[in-house]
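I opened my notebook to look through a protein model one step at a time.

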Amino acid sequence: MTAIGIIAHEMGHAVAMQLGYMSRDSYENESVADCLAGAFARQAQKDGSLEDGDIDEAFFGMAAAGDPTPQFTGDRRRDVRLARLVARSAHGTREQRVENFRNGLEGGGAACLDELR
(Lines give C-alpha, C1' and ligand atoms only; values in the text may rest on other atoms or scores of the structure.)
Protein backbone atom coordinates (compact mmCIF):
# COMPACT_ATOMS: atom_id res chain seq x y z
CA MET A 1 0.00 0.00 0.00
CA THR A 2 2.96 2.33 0.50
CA ALA A 3 3.79 2.15 -3.21
CA ILE A 4 0.14 2.66 -4.13
CA GLY A 5 0.06 5.68 -1.82
CA ILE A 6 3.00 7.19 -3.69
CA ILE A 7 1.26 6.67 -7.01
CA ALA A 8 -1.97 8.12 -5.58
CA HIS A 9 0.01 11.15 -4.35
CA GLU A 10 1.46 11.74 -7.83
CA MET A 11 -1.96 11.29 -9.42
CA GLY A 12 -3.24 13.81 -6.87
CA HIS A 13 -0.90 16.38 -8.42
CA ALA A 14 -2.35 15.60 -11.85
CA VAL A 15 -5.95 15.85 -10.63
CA ALA A 16 -5.29 19.14 -8.84
CA MET A 17 -3.66 20.63 -11.94
CA GLN A 18 -6.50 19.46 -14.19
CA LEU A 19 -8.93 21.21 -11.85
CA GLY A 20 -6.86 24.39 -12.14
CA TYR A 21 -5.26 24.24 -8.69
CA MET A 22 -1.65 25.36 -8.58
CA SER A 23 0.01 27.20 -5.75
CA ARG A 24 3.32 29.04 -5.77
CA ASP A 25 3.93 27.43 -2.41
CA SER A 26 5.42 23.96 -2.81
CA TYR A 27 4.03 22.72 0.49
CA GLU A 28 0.49 23.72 -0.51
CA ASN A 29 0.76 21.63 -3.69
CA GLU A 30 2.18 18.69 -1.78
CA SER A 31 -0.42 18.85 0.98
CA VAL A 32 -3.24 18.74 -1.60
CA ALA A 33 -1.61 15.72 -3.28
CA ASP A 34 -1.30 13.92 0.09
CA CYS A 35 -4.93 14.72 0.87
CA LEU A 36 -6.07 13.40 -2.52
CA ALA A 37 -4.07 10.23 -1.91
CA GLY A 38 -6.11 9.84 1.28
CA ALA A 39 -9.32 10.42 -0.71
CA PHE A 40 -8.20 7.66 -3.09
CA ALA A 41 -7.68 5.33 -0.12
CA ARG A 42 -11.14 6.26 1.17
CA GLN A 43 -12.72 5.26 -2.14
CA ALA A 44 -10.67 2.05 -2.34
CA GLN A 45 -11.82 1.21 1.19
CA LYS A 46 -15.47 1.80 0.22
CA ASP A 47 -15.01 -0.37 -2.87
CA GLY A 48 -13.61 -3.19 -0.76
CA SER A 49 -10.29 -3.07 -2.61
CA LEU A 50 -8.13 -2.81 0.50
CA GLU A 51 -6.83 -5.59 2.69
CA ASP A 52 -6.48 -5.55 6.46
CA GLY A 53 -3.53 -3.36 7.39
CA ASP A 54 -3.44 -1.37 4.13
CA ILE A 55 -4.50 1.89 5.75
CA ASP A 56 -1.91 1.47 8.51
CA GLU A 57 0.73 0.82 5.86
CA ALA A 58 -0.31 3.95 3.97
CA PHE A 59 0.06 6.03 7.14
CA PHE A 60 3.48 4.47 7.74
CA GLY A 61 4.52 5.37 4.19
CA MET A 62 3.40 8.98 4.60
CA ALA A 63 5.24 9.30 7.89
CA ALA A 64 8.39 7.77 6.44
CA ALA A 65 8.32 10.23 3.53
CA GLY A 66 8.27 13.36 5.70
CA ASP A 67 10.88 16.00 5.07
CA PRO A 68 13.94 15.78 7.27
CA THR A 69 14.56 18.59 9.71
CA PRO A 70 17.33 20.76 8.27
CA GLN A 71 20.53 20.83 10.26
CA PHE A 72 21.48 24.48 10.51
CA THR A 73 25.14 25.41 10.69
CA GLY A 74 25.03 28.59 12.74
CA ASP A 75 26.25 30.57 9.72
CA ARG A 76 23.33 32.96 9.12
CA ARG A 77 23.90 33.33 5.38
CA ARG A 78 24.22 29.59 4.79
CA ASP A 79 21.24 28.81 7.04
CA VAL A 80 18.99 31.30 5.21
CA ARG A 81 19.90 29.64 1.88
CA LEU A 82 19.25 26.21 3.36
CA ALA A 83 15.86 27.29 4.73
CA ARG A 84 14.86 28.70 1.33
CA LEU A 85 15.93 25.51 -0.43
CA VAL A 86 13.93 23.37 1.99
CA ALA A 87 10.85 25.61 1.62
CA ARG A 88 10.93 25.37 -2.20
CA SER A 89 10.89 21.59 -2.20
CA ALA A 90 8.89 20.96 0.96
CA HIS A 91 6.56 17.98 1.17
CA GLY A 92 5.90 18.59 4.85
CA THR A 93 6.94 17.02 8.10
CA ARG A 94 5.89 13.50 8.92
CA GLU A 95 3.10 14.89 11.10
CA GLN A 96 1.84 17.19 8.34
CA ARG A 97 1.88 14.46 5.71
CA VAL A 98 -0.02 12.04 7.94
CA GLU A 99 -2.57 14.74 8.82
CA ASN A 100 -3.09 15.70 5.16
CA PHE A 101 -3.60 12.05 4.20
CA ARG A 102 -6.00 11.60 7.13
CA ASN A 103 -8.02 14.63 5.99
CA GLY A 104 -8.58 13.01 2.59
CA LEU A 105 -9.26 9.59 4.10
CA GLU A 106 -11.90 10.99 6.43
CA GLY A 107 -13.38 13.74 4.25
CA GLY A 108 -12.83 12.59 0.67
CA GLY A 109 -11.86 14.88 -2.17
CA ALA A 110 -13.99 17.73 -0.84
CA ALA A 111 -11.65 17.97 2.15
CA CYS A 112 -8.76 18.60 -0.24
CA LEU A 113 -10.04 21.05 -2.84
CA ASP A 114 -13.00 23.40 -2.98
CA GLU A 115 -13.47 22.36 -6.62
CA LEU A 116 -14.50 18.88 -5.44
CA ARG A 117 -17.27 20.09 -3.10
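My entries follow, from the whole chain down to single residues.

**Entry 1: the whole chain**

I noted at the start that this is a predicted model. I looked up the secondary structure and found five helices and zero strands. Reading along the sequence, I wrote the pattern down as α-α-α-α-α. For the dimensions, I found that the C-alpha trace spans about 55 × 30 × 20 Å along its principal axes.

Next I asked myself what share of the 117 residues counts as buried. I found 37%. The accessible surface comes to about 7500 Å², and carbon and sulfur atoms hold 52% of it. I also looked at contacts with a separation of 6 or more: residues 24 or more positions apart account for 73% of them.

**Entry 2: the cores**

Which residues make up the largest nonpolar core? I listed twelve: Met1, Ala8, Ala37, Ala41, Ile55, Ala58, Phe59, Met62, Ala63, Val98, Phe101 and Leu105. I then checked which elements give two or more residues to this core, and these are H2, H3 and H5. The largest share, five residues, comes from H3.

Leaving aside neighbours within four places in sequence, Val98 touches Phe59, Met62 and Ala63. Apart from this core I found another one, of six residues, including Cys35, Leu36, Cys112 and Leu113.

**Entry 3: two rings**

I searched for aromatic pairs and found one in the structure. How are the rings of Phe59 and Phe101 placed? Their centres are 5.2 Å apart and their planes stand at 80 degrees, so I wrote the pair down as edge-to-face. The angle that counts as edge-to-face is anything over 60 degrees.

Phe59 sits in helix H3 (residues 54-64) and Phe101 in helix H5 (residues 94-107), so this pair ties together parts that are 42 residues apart in sequence. Phe59 is buried at 15% relative accessible area, and Phe101 is buried at 1%.

**Entry 4: a charged pair**

I reminded myself that side chains of opposite charge can pair when their charged atoms come close. Searching the whole structure, I found one salt bridge. The partners are the side chains of Asp34 and Arg97, at 2.8 Å from N to O. Asp34 belongs to helix H2 and Arg97 to helix H5, so the bridge ties together parts that are 63 residues apart in sequence. Are these two residues buried or exposed? Both Asp34 and Arg97 are buried.

**Entry 5: Ser26**

I found Ser26 in helix H2 (residues 26-47). Its relative accessibility is 16%, so I counted Ser26 as buried, because buried means under 20%. Which residues does Ser26 contact, leaving aside its neighbours within four places in sequence? I wrote down Ala87, Arg88, Ser89 and Ala90.

**Entry 6: a patch on the outside**

To finish, I went to the surface. There I found a nonpolar patch formed by Val15, Leu19 and Leu116, with about 200 Å² of accessible area together. Val15 lies in helix H1 (residues 2-18). With a relative accessible area of 34%, Val15 goes into my notes as partly exposed.

Technical notes: Residues numbered from 1 in each chain as written. Predicted model: local features only at pLDDT ≥ 70, side-chain atom pairs only at ≥ 80, totals over all residues. Heavy atoms only, no water. Patch = residues over 30% accessible without salt bridge, like charges linked within 9 Å, V, L, I, M, F, W, Y side chains within 5 Å. Areas by Shrake-Rupley, 256 points an atom, 1.4 Å probe, with all protein chains shown as cover. Salt bridge = Lys/Arg side-chain N within 4 Å of Asp/Glu carboxyl O. Helix = DSSP H or I, 4+ residues; strand = E, 2+ residues; numbered from the N terminus. Buried < 20%, exposed > 50% of the residue type's maximum accessible area, 1.4 Å probe, protein only. Contact = heavy atoms within 4.5 Å. Phe/Tyr/Trp six-rings, centres within 6.5 Å; stacked < 30°, edge-to-face > 60°. Core = buried A, V, L, I, M, F, W, Y, C linked by side-chain atoms within 4.5 Å.
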